[in-house]
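Here's a quick briefing to read with the model open beside you. It goes from the overall picture to charged pairs and then to aromatic rings.

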Amino acid sequence: MPVSSSPPPILDSSLCRLLFLGSRDSSTMRKCLWLWGLLFIALGFAWSITAERNPRTERISGSAGDVLEDDPVGRLKVYVYELPSKYNKKILQKDPRCLSHMFAAEIFMHRFLLSSPVRTLNPEEADWFYTPIYATCDLTPTGLPLPFKSPRMVRSAIQLISSSWPYWNRTEGADHFFVVPHDFGACFHYQEEKAIERGILPILRRATLVQTFGQRNHVCLNEGSITIPPYAPPQKMQARQIPPDTPRSIFVYFRGLFYDVNNDPEETSLTPLMSGSGARAAVWENFKSNPLFDISTEHPTTYYEDMQRAIFCLCPLGWAPWSPRLVEAVVFGCIPVIIADDIVLPFADAIPWEEIGVFVAEEDVPKLDKILTSIPPHVILRKQRLLANPSMKRAMLFPQPTLPGDAFHQILNGLARKLPHPKSVYLKPGEKILNWTAGPITDLKPW
């Protein structure tokens with residue numbers, strides 16, 4: 001029997017209601033719904049496999065997609081300060097694990113800019129100034145970043161550039177950008193309540209912050225910040241690619257913690273707090289026995305391959321709204337299911353997240369099965385075709401060597417779109433806005 005060239009119908013609980021009209025057996029109804037869900041997937045697979053025999057990608061259009069492939073070269077010039085190696089290279093030599101950490105963008109952005117065509121050796125013609133500080137490369141034995149030295153390191157570097165060059169003092173950093181890819185960016189703390197209490201390091205409040213953390217109306221997100229994806233090792237991901245015509249036999253996939261844990265990097269153990277609150281806990285409690293959901297706390301060696309066999313990959317908030325799963329889902333063509341209210345997504349002005357992902361409110365997690373099974377197959381396939389666009393994958397990665405349109409270039413595009421600087425960023429002679437002595441006493445100690 002030939003496979004239909006049109007998508008299968010939307011399957012919901014209506015037929016189950018007809019078949020079991022008057023039945024009070026909820027387990028029978030659940031089994032029926034599961035069977036319909038499995039049939040829905042099977043029909044979708046058959047149709048998608050037929051479509052993949054003539055694979056094609058779909059161009060990303062619209063205001064976001066149109067700027068995804070912008071070329072920043074020729075649109076801005078960046079001056080890279082030459083700092084003593086104690087701010088960057090020596091820190092990395094002490095702990096090479098920072099090269100593969102999810103916060104490694106601060107390292108690779110520095111390397112990229114040193115040989116980028118947007119770099120200028122003449123600071124007088126620079127649009128932007130970059131201070132290469134590896135503020136996140138201070139790891140515990142278990143690999144968690146300690147942010148306690150970061151404010152002192154940043155203050156020390158700014159004191160150096162402000163006393164050695166005249167450019168910081170002209171604007172108090174308004175034409176400078178800093179890469180601060182920590183959990184809560186320039187608030188420099190791994191616990192949200194402490195990060196909110198600290199706030200953004202006062203001396204950085206006029207600068208543009210390039211950070212992984214993005215949440216609307218949050219004290220740790222400056223207006224004008226550039227939200228970037230966390231670092232995921234490009235070579236490792238490329239090495240785990242499977243044939244593109246492999247059927248996607250998993251409906252929903254997730255690996256990770258479901259309950260809050262003691263996320264103190266100074267502690268050597270993680271103790272689950274068996275609390276039923278939170279989006280991840282709701283996923284587990286509602287769908288741990290649902291055959292449509294392949295979810296577990298175990299992290300298998302086939303993790304990357306499994307994502308390439310899945311239709312939907314859950315990206316729920318954890319300690320922060322974002323995680324590397326978002327990058328992995330996009331790279332592996334698995335539709336990201338974003339469960340994080342108020343999240344600000346990476347390169348949101350360039351990547352059409354509404355078109356490639358599915359957004360589910362945290363309070364709607366118990367209805368996740370109904371939400372996902374009600375999406376028509378033709379909508380699923382369009383999202384998959386958009387995800388298959390190579391420019392989409394490149395925008396989420398920091399490859400070496402670099403590629404046109406990759407995450408490095410998206411950062412530069414974000415900086416270029418903020419030009420020209422308004423006249424208001426330049427201070428009058430003797431004018432001061434920032435308070436250099438603001439912040440906790442510990443931040444003011446020499447570094």
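What follows is a short tour of the fold, the salt bridges and the ring pairs.

Bear in mind that this is a predicted model, so to speak a computed one: local features need pLDDT of at least 70, side-chain atom pairs count only at pLDDT 80 or more, and totals for chains, interfaces and linings use all residues. Residues are numbered from 1 along each chain as its sequence is written, and side-chain values use heavy atoms, with hydrogens and water left out.

**Overall picture**

- The protein chain has 17 helices and ten strands (DSSP runs numbered from the N terminus, with helices being H or I of at least four residues and strands E of at least two).
- Out of 447 residues in the protein chain, 53% are buried (buried is under 20% relative accessible area, exposed is over 50%, and partly exposed is in between, with a 1.4 Å probe and protein chains only).
- Take the contacts between residues at least 6 apart in sequence: 73% of them join residues at least 24 apart (a contact means heavy atoms within 4.5 Å).

**Salt bridges**

- The count comes to twelve salt bridges (a side-chain nitrogen of Lys or Arg within 4 Å of a carboxyl oxygen of Asp or Glu).
- Arg255 and Asp294 make one of them, at 2.8 Å from N to O. Arg255 sits in strand S6 (residues 250–255) and Asp294 in strand S7 (residues 293–296), so this pair ties together parts that are 39 residues apart in sequence. Arg255 is buried at 10% relative accessibility, while Asp294 is partly exposed at 29%.
- Asp95 pairs with Arg97, with the closest N and O atoms 2.8 Å apart. Asp95 counts as buried because its relative accessibility is 13%, and Arg97 counts as partly exposed because its value is 34%.
- Asp175 and Arg170 form another salt bridge, with 3.8 Å between the closest N and O atoms. Here Asp175 is buried at 1% relative accessibility, and Arg170 is partly exposed at 32%.
- Salt bridges also link Asp70, Asp349 and Arg417 into a network.

**Aromatic rings**

- The structure holds 23 aromatic pairs (rings of Phe, Tyr and Trp, the last by its six-membered ring, with centres within 6.5 Å; planes under 30 degrees apart are stacked, over 60 edge-to-face, and the rest tilted).
- Trp128 and Phe177 are an edge-to-face pair, 6.3 Å centre to centre with 80° between the planes. The pair links distant parts of the chain, 49 residues apart: Trp128 is in strand S2 (residues 128–130) and Phe177 in strand S3 (residues 176–179). Both Trp128 and Phe177 are buried.
- For Phe184 and Phe213, the ring centres are 5.1 Å apart and the planes lie at 55°, so the pair is tilted. This pair also links distant parts of the chain, 29 residues apart: Phe184 is in the loop between S3 and helix H8 (192–198), and Phe213 is in the loop between strand S4 (208–211) and strand S5 (226–227). Phe184 and Phe213 are both buried.
- Ring pairs join Tyr79, Tyr81, Phe129, Trp165 and Tyr167 into a cluster.
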